[in-house]
Amino acid sequence: MLSVKDLHAFYGKSHVLRGVNMEIMPGEVIALLGRNGVGRSTTAKAIMGEVAPKGEILFKGKPISGLESHKIARMGLGYVPEERDIFPTMTVRQNLLMGIKDTRNPGRHTIDEMLDMFPNLRARADNQAGVLSGGEKQMLTMCRTLMGDPELIIIDEPTEGLAPKIVQQIGDMIAEIAKTGVAILLVEQKLSIALRIAHRVYVMGHGEIVYSGTPAEFAKRDDVRAEWLEV
Amino acid sequence: MTDTTVQDLAPSSAQKFRQRTLPFLILAAILVAIPMTGPSRTFYTIAHQMGINVVFALSYNMILGKGGLLSFGHAVYFGLGGYLAVHAMGWIEEEAGLWGAFPVFFLPIVGFAGGALAGAIIGWPSTRKAGTTFAMISLGVAELIFAAAFMFDSFFGGEQGISGDRMNGTQMFGLSLGPIDDVYWFIAFWMFVGILGMWAFTRTPLGRLSEATRDNAQRVQFIGYNPQKVRYLVFIFAGGFAGLAGGMAAVNYEIFTPDALSLVPSGFVLIMAYVGGIAYFVGPIMGAILLTYMQSMLSDFTEAWLLYLGMLFIVIVMFAPRGLAGIVFGFLDGFRSDDRGAFLKSWFTTLAGGFLMLIGLIILVEVSVRWSNGYGEVYEPFGMHLSHTNPLTWILFLVATVAGIALTYFANRDKEGAA
Amino acid sequence: MSTYALSLKDLNKSFGPAKIITDVNLDIEKGERHAIIGPNGAGKSTLFNLISGLYTPTSGSVKLHGEEIAGMAPHLINHRGLSRSFQVSNIFINMTVRENVRCGVLNAMGQGYSWWRNIGSNKEVQSRTYEILERCGLVDKAALPASLLPYADQRALEIAITIAGGADVILLDEPTAGMSHSETDRAVQLIRTATEGKTLIIVEHDMGVIFDLADRISVLVYGEIIACDTPENIRGDAKVREAYLGDEEEPDVKEMV
Amino acid sequence: METLVFGLLNGVSYGLLLFMLSSGLTLIFSMMGVLNFAHASFYMLGAYFAFTLSGISSFWIALFIAPVLVGLVGAVVERYGLRKVHANGHVAELLFTFGLAYLIEEVVKIVYGKTAVDYKIPDLLNFAAFQVYGASFPAYRLFIIVIAVGMLIGLWYLLKRTRAGLIIQAALTHPHMVGHLGHNVPLIFMMVFGIGCALAGLAGVMAGNIFVTDPAMAVQMGPIVFVVVVVGGIGSLEGAFVASLVIGLLQNLAVGINASFADIFGFIGLSELSEVGRISISSLAPVLPFLLLVLILIFRPQGLMGEKEL
Amino acid sequence: DTVKMAFIDPLSGPMGPSGEAAYTSFILAAEHINANGGVNGNEIEVTGYDNKINPKESLVQLQKAIDDGARYIFQGNGSSVAAALIEAVNKHNARNPGEEVIFFNYAAVTPAFTNELCSFWHFRFDAHADMKMAAITDWIAKRDDIKSVYLIGQDYVFGQAVASAAEEQLKEKRPDIEIVGNELHPLAKVKDFTPYIQKIISSGADAVITGNWGADMQLLMKAAAENGSDVPYLTFYGGSKGAVSSLGEGGVGLLYQVTEGITNLDADDEQYALIEEYKERFPDYDYYYHRAFNAMEMFVKAAEEAGSVDPIPVAKAMEGLTIDHAYGQATMRAEDHQMQQPLFISTVSDDVKYGVDNIELGWALVEGGTIDMASAEQPTTCEMERPE
Ligand SMILES: Nc1ncnc2c1ncn2[C@@H]1O[C@H](COP(=O)(O)OP(=O)(O)OP(=O)(O)O)[C@@H](O)[C@H]1O
Ligand SMILES: Nc1ncnc2c1ncn2[C@@H]1O[C@H](COP(=O)(O)OP(=O)(O)OP(=O)(O)O)[C@@H](O)[C@H]1O
Ligand SMILES: CC(C)C[C@H](N)C(=O)O
Ligand SMILES: [Mg+2]
Ligand SMILES: [Mg+2]
């Protein structure tokens with residue numbers, strides 16, 4: 001579904017991604033692990049065209065490297081950025097409406113379904129999204145992306161700054177979404193979640209993928225964890 | 001690193017001298033040297049206007065660049081300060097009260113007081129808001145004051161304004177202020193004082209706070225300052241220095257008309273500051289010098305000078321938002337950087353490209369202007385005869401423009417490759 | 001009886017029909033380190049906003065050292081000795097680190113609006129700025145523009161600005177959000193030294209930080225304080241576990257594997 | 001009585017003209033956040049294009065083609081100018097349009113000359129619709145009223161019935177995110193700007209022949225357009241409509257009043273000879289809109305019908 | 001050698017056309033003089049300086065002109081600018097002896113300039129407001145059907161001077177006439193004169209007197225036509241570009257102006273050739289500034305008499321000098337430097353040799369519309385200081 005070959009990216013002069021390779025199959029949940037600052041978010045941004053990528057990125061067999069972001073999105077690639085980027089002056093409902101790409105043929109999900117999934121959001125449906133709490137915002141962005149009916153969602157650190165209980169909820173939600181057949185690339189730091197829901201994990205270090213395997217295999221690799229994850 | 005001390009945090013005294021004292025010494029030296037070159041009357045006239053505009057543009061940048069407030073009515077303070085100074089000039093002439101002894105030389109102080117007072121009154125309601133609200137209030141206030149100027153003839157003098165005679169009152173430094181080279185010392189002195197004063201202002205707590213308020217008014221509040229008060233105080237000072245410039249203009253021209261308060265000079269000062277570069281202290285100085293020159297001299301060479309002005313401004317906004325000063329400092333930085341060669345190469349290619357495009361453009365504009373006027377005049381640069389019926393004209397124009405675009409394109413493609 | 005450093009009485013805040021803070025009562029002793037925890041959207045940041053003057057309470061009172069401050073403008077509250085940090089970094093990105101801190105220091109020295117003195121000439125301001133930079137571990141980055149600081153250092157600067165004014169009641173909103181473990185440890189250390197002898201109120205989701213730092217913990221759920229006690233008791237409180245910590249505590253990576 | 005009737009008639013027709021001119025700016029301002037200083041320049045272009053077109057064809061063709069042309073010019077300006085500046089924030093955008101206004105004026109001077117062109121009211125509408133107190137009311141002004149009301153209805157429909165408004169609002173602050181949601185932000189911006197300019201162009205077509213079509217017409221109309229938009233309330237079409245009428249009426253009614261301050265405030269001893277006393281209400285007419293602007297901004301910054309502050 | 005003359009007037013901006021119409025006249029006049037051998041063997045060079053119709057900018061341009069070697073300054077557009085220039089020239093001449101400059105005013109007609117504000121350095125070639133108003137009021141005095149008059153004008157010195165001249169002279173010549181309106185509107189700011197015209201209509205005035213010029217004149221006429229106003233307009237500057245074409249046929253017999261000459265007066269072939277040459281060279285404008293040619297002619301004559309092209313001798317020679325021009329004689333009165341010349345009242349007609357604004361309509365002399373030099377003369381209060 002998504003195949004990344006020898007992806008490089010730069011911020012000014014600093015070479016952040018140094019040849020990232022990865023594959024994602026339809027319906028697969030992949031966790032991308034790594035320490036702070038190794039370039040996981042940058043990988044996501046490079047795929048989405050937010051930082052200029054150098055290398056090959058194929059989505060459903062078609063190259064997307066260098067395309068405008070709305071074209072990438074319209075091919076069925078959803079993105080939930082680290083910053084969440086909700087539209088603060090719009091209501092929750094309007095935010096969800098924004099997720100629909102084409103009003104004439106809306107996707108599988110309806111706004112009501114989304115609000116049912118998160119009673120918290122329903123209670124705030126007509127409030128300005130800017131005043132939502134951190135957790136509520138996170139829920140909102142995921143729902144908004146779902147409204148666009150993506151086949152693959154890239155989610156960057158969905159649980160950052162959230163209360164332990166919500167963290168669990170978000171984890172459940174992602175697992176739920178995955179069940180509907182949507183592939184997910186989850187950029188995470190919290191192993192607990194990643195290991196619970198991922199089919200495969202990639203570990204990143206210094207701008208490269210340094211390990212890949214199933215959660216079960218990964219669990220046995222103390223060396224990988226020690227070298228690339230712990231601080 | 002652990003043994004860093006308090007002193008190490010601040011710049012060293014050598015640095016201070018180089019960055020702070022030296023520029024002022026150089027400025028003073030230039031100001032003193034100018035009259036020795038025996039300049040013409042035109043030179044003096046333009047130079048005086050530049051001096052006034054330098055102070056005016058700097059005062060504008062106190063609120064735009066440093067304070068983040070976009071004003072469309074800064075000329076109001078320039079004008080009110082200037083009017084007060086012209087009236088004071090009249091009082092000196094009539095020897096009203098103590099005024100008889102007041103030296104005309106010090107009228108800019110009166111202008112300062114007038115501008116600051118106007119700032120204090122008008123700023124009170126308008127600085128409570130920042131952003132677009134402030135901009136729109138400034139526009140409205142400017143229109144109001146401008147219109148009022150035609151209603152209160154005793155202060156503003158109607159269309160023909162108020163005039164005065166600077167050759168009265170106590171003489172200072174042996175300057176009668178009659179001949180133009182006397183006036184030069186007056187302008188030079190006050191320009192220096194104005195620049196120094198406004199520079200010093202940036203070094204005060206209030207000056208720094210103004211920048212902080214511009215960047216993040218909310219945070220300023222939570223460390224204990226009232227952003228409205230900060231804006232208000234800065235606004236008063238900006239008004240004061242604008243008034244100082246007004247006072248200089250009052251003595252220089254010996255006349256003030258309501259036009260001085262209108263949107264036109266307010267727009268012009270905005271352009272001066274922005275073209276010069278509002279992020280730098282010297283930016284508005286550069287902008288004032290260049291634009292004053294364009295305003296007074298370019299209009300002699302071409303009727304389309306406003307077109308060039310508009311284009312210059314748009315080019316700056318689009319391609320060099322840090323203004324002339326940004327270009328100059330960017331060049332210096334690039335020049336000092338490691339791969340000077342690559343930098344210079346791309347810089348000069350862009351420059352050459354820009355130059356060619358400019359030539360193409362000038363040909364197009366000048367030929368069109370003459371064609372449009374229809375007096376049978378023909379554009380004849382360097383003895384070439386370029387009329388609109390002459391194919392050479394269009395070939396020259398096309399070649400220059402295409403070559404220019406190609407060059408800039410390549411220069412910038414290189415740049416990306418290097419990144 | 002000495003007055004409390006901060007005392008909230010029947011505090012309420014509604015936005016339109018939505019009641020966000022309901023009848024909050026809380027007394028905090030001088031010198032106490034008090035933590036506020038609660039699920040997302042419980043109203044923790046809102047509570048901070050009410051105390052620090054960004055919002056006006058719908059009803060109720062906020063007393064700082066016994067003096068009513070509810071509804072005052074933020075800068076006036078700050079003058080009375082209360083200072084806060086923000087959940088998202090809120091620093092002056094165009095200034096250097098040193099200037100950021102100096103902005104706070106100047107106010108404390110009563111030179112905030114002065115336009116007649118040179119900013120660099122006051123020795124006391126310089127030395128106090130230096131002291132704060134040192135305390136927050138930012139001395140070697142003092143001359144950097146704040147925008148170039150790494151994230152963790154920006155958070156540290158946020159704290160530095162907050163304490164620079166010399167306030168004795170400090171409110172920190174999620175100071176360690178987004179930090180790695182080692183950075184978090186450093187930050188806790190920093191908070192501990194920086195707020196030495198002051199009253200500290202902190203909002204955090206990182207239980208490690210909370211249990212490490214706090215003398216007492218309040219648990220805020222749907223705008224109400226459901227518990228307020230020592231860390232040990234809170235950990236054991238069933239209500240709290242249900243409402244916030246979740247049925248099980250988050251499994252440690254080690255246990256998972 | 002006569003004064004009142006004249007004032008009302010002129011106020012309404014002038015007010016509606018203002019509305020035509022400012023509705024495009026309201027659209028651009030509320031959707032893109034761009035305070036388009038060159039808006040009145042597009043108005044001027046509309047008038048000049050209509051002059052050229054009605055010379056080679058007829059007024060009626062110009063009425064349709066000229067606004068489209070102006071809209072295209074606007075779209076090009078957005079695509080190759082404004083879009084580049086957008087990243088540098090609103091002030092940069094505003095300054096860009098500020099420079100653009102100079103540019104358009106100068107180009108118009110080169111192409112059409114510095115003096116006014118003779119852009120005429122079409123013969124079909126060049127008659128007196130009716131007579132009031134000895135003065136005739138031109139049919140063309142009635143035509144303006146009809147067009148303006150039509151424009152109001154059309155615009156209102158466009159705004160309320162499309163999601164484009166939301167998308168643009170979001171793209172203002174989070175352009176990347178909106179792109180990631182699959183919306184072609186640049187295209188929408190370009191269209192909004194184009195339509196806004198076309199509306200200004202239409203106003204130019206309508207007004208250029210009752211006023212003068214000369215290179216100064218943009219500068220003269222520029223500030224008043226801002227007054228309308230701000231007084232009406234940002235993003236509020238209804239507000240712009242009301243504000244246009246209010247300003248139109250205010251100005252025209254004031255012109256009709258001969259009384260001076262001394263006549264009105266004479267009872268507090270204001271003398272006919274004093275400077276303030278001599279000011280007549282009619283001479284205040286041009287100032288009133290700006291007075292209104294400042295007062296509104298100070299006491300009701302969200303404008304008459306706006307929801308948020310500037 | 002060349003005699004440098006500076007033409008300081010608006011050459012860009014909204015008032016640009018007003019300046020340009022005169023500038024072109026001076027250029028043509030200079031060309032003719034040069035073609036005839038120049039002045040005392042010198043060529044004349046007229047250079048335009050754009051003052052953007054701003055008094056202050058005029059002073060900057062004045063400095064530049066002086067620096068470029070100009071000793072003769074032409075200006076006319078706007079009495080406010082003229083006032084500033086008179087003062088500036090006076091000061092300059094006092095402060096820079098030996099570098100004197102002379103101000104030739106060709107159109108700023110506020111009477112004060114040759115009365116209480118008169119100066120040796122200032123010469124005016126146009127009849128001033130009181131002179132022109134006298135022509136108008138004499139004409140009204142003969143029209144018994146006019147019982148009420150409406151005054152409208154621009155709110156600045158000149159407009160105010162026109163209004164007070166009208167009031168005084170009417171009171172004296174026709175005390176029975178009621179002045180039903182006396183309105184001053186802002187200079188060059190009104191876009192639509194409809195409300196003013198409606199006021200005029202509802203006042204029931206039988207005639208309107210106005211000193212409006214430039215766009216204010218054109219727009220006033222446009223609104224008058226649109227709103228069906230049918231009273232006579234007695235003007236100074238009905239000849240402003242666009243005014244006649246705005247009124248169209250409706251202007252015939254309703255729009256009047258007072259000038260020192262019009263193209264449709266009987267004249268010699270040389271004058272007709274000049275008019276045609278002008279139109280051909282400058283098709284945007286019409287031959288209007290006859291006084292530009294008068295001024296140049298007078299300068300040449302004075303220079304020849306003085307045997308010099310230096311300012312002071314020329315100025316002295318000019319005092320009391322008389323020239324013959326196409327429409328009569330003109331004398332520069334020595335006391336106040338005000339040109340005395342015959343004036344003509346004309347009105348719009350569709351039966352003329354030369355149209356204006358590129359249409360068929362043009363100006364034709366009204367019956368008995370010639371005011372000879374002596375009748376046009378007005379007293380002066382000038383007490384002039386002269387250099388010895
Ligand atoms: N806009 C930027 N400009 C310059 N450098 C950047 C920028 N954004 C990120 N970096 C640097 O690039 C590197 C990789 O950043 P990235 O955000 O991809 O890391 P990450 O693995 O997602 O870490 P985090 O846990 O902080 O989200 C870091 O060293 C970071 O400092
Ligand atoms: N200005 C406001 N208008 C309306 N509702 C608001 C406003 N500010 C906050 N809220 C609502 O109040 C609730 C509490 O928000 P708050 O930001 O205080 O939560 P929090 O406890 O800080 O959460 P988090 O831990 O996620 O930061 C949220 O549901 C939010 O939507
Ligand atoms: C150009 C002229 C019409 C000027 C006018 N007569 C004045 O004195 O101001
Ligand atoms: Mg990341
Ligand atoms: Mg919070």
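In this model, 25 residues of chain E are in contact with 27 residues of chain D, where contact means heavy atoms within 4.5 Å. The model is a predicted one: local features need pLDDT of at least 70 and side-chain atom pairs count only at pLDDT 80 or more, while totals for chains, interfaces and linings use all residues. Residues are numbered from 1 along each chain as its sequence is written, chains are lettered from A and ligands numbered from 1 in the order in which they are written, and side-chain values use heavy atoms, with hydrogens and water left out.

- E:Glu226 and D:Arg141 meet through their side chains in a salt bridge (3.1 Å, N to O).
- Helix 1 (16-35), helix 6 (194-203) and helix 7 (215-226) of chain E each supply at least two residues of the side that touches chain D; helices (H or I, at least four residues) and strands (E, at least two) are DSSP runs, numbered from the N terminus.
- Helix 6 of chain E gives the most to that side, with 7 residues.
- By class, the side of chain E that touches chain D has 10 nonpolar, 7 polar and 8 charged residues. Here Ala, Val, Leu, Ile, Met, Phe, Trp, Tyr, Cys and Pro count as nonpolar, Asp, Glu, Lys and Arg as charged, and the others, Gly among them, as polar.

**The sheet in chain E**

- Chain E has an open sheet of 7 strands in the order 7-6-8-9-10-14-15, with mixed pairing; two strands pair if DSSP finds at least two bridges between them.
- Strand 7 (178-185) and strand 15 (362-371) of chain E stand at the edges with a single partner strand each, so one side of each is left without a neighbour in the sheet.
- Strand 6 (residues 148-154) and strand 8 (residues 207-210) of chain E run parallel, joined by 4 bridges.
- E:Tyr150 has E:Val208 in strand 8 as its bridge partner.

**The sheet in chain C**

- Chain C has an open sheet of 6 strands in the order 6-7-8-3-9-10, and the pairing is mixed.
- Its edge strands are strand 6 (82-84) and strand 10 of chain C, each pairing on one side only.
- Strand 6 of chain C runs parallel to strand 7 (residues 169-173) of chain C, with 3 bridges joining them.
- C:Ser83 has C:Ile170 in strand 7 as its bridge partner.
- Strand 9 (residues 216-221) and strand 10 (residues 224-229) of chain C pair in the antiparallel sense over 5 bridges, and C:Val219 stands opposite C:Ala227 in strand 10.
- The hairpin of strand 9 and strand 10 of chain C has 2 residues between the strands, and C:Tyr222 takes a positive phi near 45 degrees there.

Note on methods
Salt bridge = Lys/Arg side-chain N within 4 Å of Asp/Glu carboxyl O.
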